Amino acid sequence: MISNNKIKEEFSKYANDYNNNNIIQQIVSKALVREINSKPKSILELGCGSGQIFKNIDFDYDYYKAIDFSSSMCDIHPRSQNLDVVCLDFDSEEFKQNIQNEKYDLVLSSSALQWSKDLDSIIKSLSCVSDRIDAVLFTSNTFKTIFEISKSTSPILDTNTIQKAFKKYYNCSFETLNYKLEFENKKLLFDYIKNSGVSGSSNSLSFKEAKNLYKNYNLNYLEFEVIFIKGEKC
């Protein structure tokens with residue numbers, strides 16, 4: 001699995017351009033907020049990025065904590081009353097200690113938890129601070145054809161691993177959706193992969209491997225697969 005330091009570097013590097021290169025992330029964030037079937041007063045968000053979820057919250061809350069491990073992302077996240085933006089790695093013990101005595105009506109996360117080094121451990125910690133979690137994660141079928149051509153393995157968690165971790169601590173409903181993002185030409189397509197901050201192992205290919213991938217990738221679109229999760233404790 002790709003290291004968290006590498007992921008942090010990828011997202012921080014393109015932080016200022018992120019909103020122009022995260023079309024799918026914006027779509028799924030809006031969908032996630034749209035499906036909130038209550039009006040939670042206290043919210044914990046993991047992987048807040050530049051505020052894709054927060055910008056779509058259209059109801060009043062008493063307290064909102066937004067977590068992200070990239071200081072560059074935290075710097076450009078919106079500020080508001082009763083909102084705390086905290087720069088923390090959700091895989092770290094520091095994060096677990098930070099939230100251990102807190103309680104939330106709802107945990108939210110979009111396009112972030114698929115990078116976890118230990119998803120089971122995170123969900124366990126979250127189950128102690130909230131009875132409800134709504135999340136959307138990319139799965140390993142994102143950029144599927146790219147990984148097939150390059151004969152490499154996706155750094156993103158697979159669907160079974162994701163479901164297993166959530167079901168261990170919450171009663172869950174799952175919905176898997178596939179998106180195709182079309183491009184006018186191959187250069188724009190590969191530029192998107194690089195600038196989206198989700199390039200994963202495609203950025204670690206040798207020159208020869210990258211050239212082969214560019215030559216043999218004949219689709220005019222990129223593939224994305226996401227899994228929507230609604231979890232509630234008994």
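Are Phe190 and Tyr217 buried or exposed in this structure? Phe190 is buried, and Tyr217 is buried as well, where buried means under 20% relative accessible area, exposed over 50%, and partly exposed in between, with a 1.4 Å probe and protein chains only.

Before I go on, a word about the source. This is a predicted model, in which local features need pLDDT of at least 70 and side-chain atom pairs count only at pLDDT 80 or more, while totals for chains, interfaces and linings use all residues. Residues are numbered from 1 along each chain as its sequence is written, and side-chain values use heavy atoms, with hydrogens and water left out.

Let me turn to strand β5, residues 132-138, which is mostly covered, since 7 of its 7 residues are buried. Helices (H or I, at least four residues) and strands (E, at least two) are DSSP runs, numbered from the N terminus. On one side of β5 we find Arg132, Asp134, Val136 and Phe138, on the other Ile133, Ala135 and Leu137, and all of these are buried.

What are the neighbours of β5? Strand β4, residues 106-110, runs parallel to β5 and is joined to it by 4 bridges, and two strands pair if DSSP finds at least two bridges between them. In this pairing, Leu108 stands opposite Asp134. From β4 the chain crosses through helix α5, residues 119-127, to β5, in a right-handed β-α-β crossover; right-handed means that, with the strands pointing away from the viewer, the path from the first strand over the helix to the second runs clockwise. Strand β7, residues 221-232, runs antiparallel to β5 and is joined to it by 7 bridges, with Leu137 opposite Ile227.

Now to the aromatic rings, where the structure holds 10 pairs. Rings of Phe, Tyr and Trp (its six-membered ring) pair if their centres lie within 6.5 Å, and planes under 30 degrees apart count as stacked, over 60 as edge-to-face and the rest as tilted. The ring centres of Phe138 and Phe224 are 6.1 Å apart and their planes stand at 55 degrees, so this pair is tilted. Because Phe138 lies in β5 and Phe224 in β7, the pair ties together parts that are 86 residues apart in sequence, and both residues are buried.

The residues from my opening question, Phe190 and Tyr217, form an edge-to-face pair, at 6.0 Å centre to centre and 85 degrees between the planes. Finally, ring pairs link Phe138, Phe143, Phe183, Tyr192 and Phe224 into a cluster.
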